[in-house]
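The sequence and the structure come first.

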Amino acid sequence: DGDEAEAAVPSEDPPRGEKKARASPEETDAPAAEPPTSRVAGVLHGKGEVGGLLDKLFMVKPEVLASIAAFFGVDESRLPMDQLVSRSTVSKSIYMISERILGILKADAQFKLDVVHTGIRVFEYTGARGLGCDYRLCQ
């Protein structure tokens, strides 16, 4: 008969203007991303939050620096590893600062200096597996 109403078929797409609900982690087959691990030994200088207007500098862990030095054959007399710092706890980029600037930052225990930018990026984290080193040289 023509009096029968058609059953509404649910569509996969949400109505216009509404966002589609995300699948919960249990519903997806992809493995959950591991949280980033800290590659820093502590705060060298800075106050406030990472990623703000001013730089917060961190000392890179010695084992991270040792792996970089071993892989690239770094002679510490030519590239002092204690002058390498990071601007984040995961050390995506590692910067080199001069010995004098390092001394000034270490002397500023009360963080009265506001550091906007400092250092030259020398290494960047790649995350590539099987290379022997997690970092590459920057140009």
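Strands of a sheet pair through backbone hydrogen bonds, either parallel or antiparallel. Here two strands count as paired if DSSP finds at least two bridges between them. Helices (H or I, at least four residues) and strands (E, at least two) are DSSP runs, numbered from the N terminus.

Residues are numbered from 1 along each chain as its sequence is written, and because the model is predicted, local features need pLDDT of at least 70, side-chain atom pairs count only at pLDDT 80 or more, and totals for chains, interfaces and linings use all residues. Side-chain values use heavy atoms, with hydrogens and water left out.

| Strand pair | Sense | Bridges |
|---|---|---|
| E1 and E2 (residues 57–60) | antiparallel | 4 bridges |
| E3 and E4 | antiparallel | 3 bridges |
| E4 and E5 | antiparallel | 4 bridges |
| E5 and E6 | antiparallel | 3 bridges |

Valine 43 has phenylalanine 58 in E2 as its bridge partner. Serine 86 stands opposite isoleucine 94 in E4. E3 and E4 form a hairpin with 6 residues between them, and serine 91 in the turn has a positive phi of about 50°. Serine 93 stands opposite glutamate 124 in E5, and glutamate 124 in turn stands opposite arginine 136 in E6.

## Helices and overall composition

The chain has 2 helices and 6 strands. Read from the N terminus, its elements run β-β-α-β-β-α-β-β.

Of the 139 residues in the chain, 27% are buried. Buried means under 20% relative accessible area, exposed over 50%, and partly exposed in between (1.4 Å probe, protein chains only). The accessible surface of the chain comes to about 10600 Å², and 52% of this belongs to carbon and sulfur atoms. Areas come from the Shrake-Rupley method with a 1.4 Å probe; for residues, only the protein chains shown count as cover. Among contacts (heavy atoms within 4.5 Å) between residues at least 6 apart in sequence, 55% join residues at least 24 apart.

## Salt bridges at glutamate 124

The structure holds 2 salt bridges, where a salt bridge is a side-chain nitrogen of Lys or Arg within 4 Å of a carboxyl oxygen of Asp or Glu. One joins the side chains of glutamate 124 and arginine 121 (2.9 Å, N to O). Arginine 121 is partly exposed, because its relative accessibility is 40%. Glutamate 124 is buried, because its relative accessible area is 12%.

Glutamate 124 also forms a salt bridge with arginine 136, and their closest N and O atoms are 2.5 Å apart. Glutamate 124 lies in strand E5 and arginine 136 in strand E6, so this pair ties together parts that are 12 residues apart in sequence. Arginine 136 counts as partly exposed, at 40% relative accessibility. Salt bridges that share partners join Arg121, Glu124 and Arg136 into one network.

## A nonpolar surface patch

Ile101, Ile104 and Leu113 make a nonpolar surface patch of about 240 Å². Patches are made of residues with over 30% relative accessible area and no salt bridge; like charges are joined within 9 Å, and nonpolar side chains (Val, Leu, Ile, Met, Phe, Trp, Tyr) within 5 Å. Leucine 113 is in the loop between helix H2 (99–107) and strand E5 (120–125). With a relative accessible area of 40%, leucine 113 is partly exposed.
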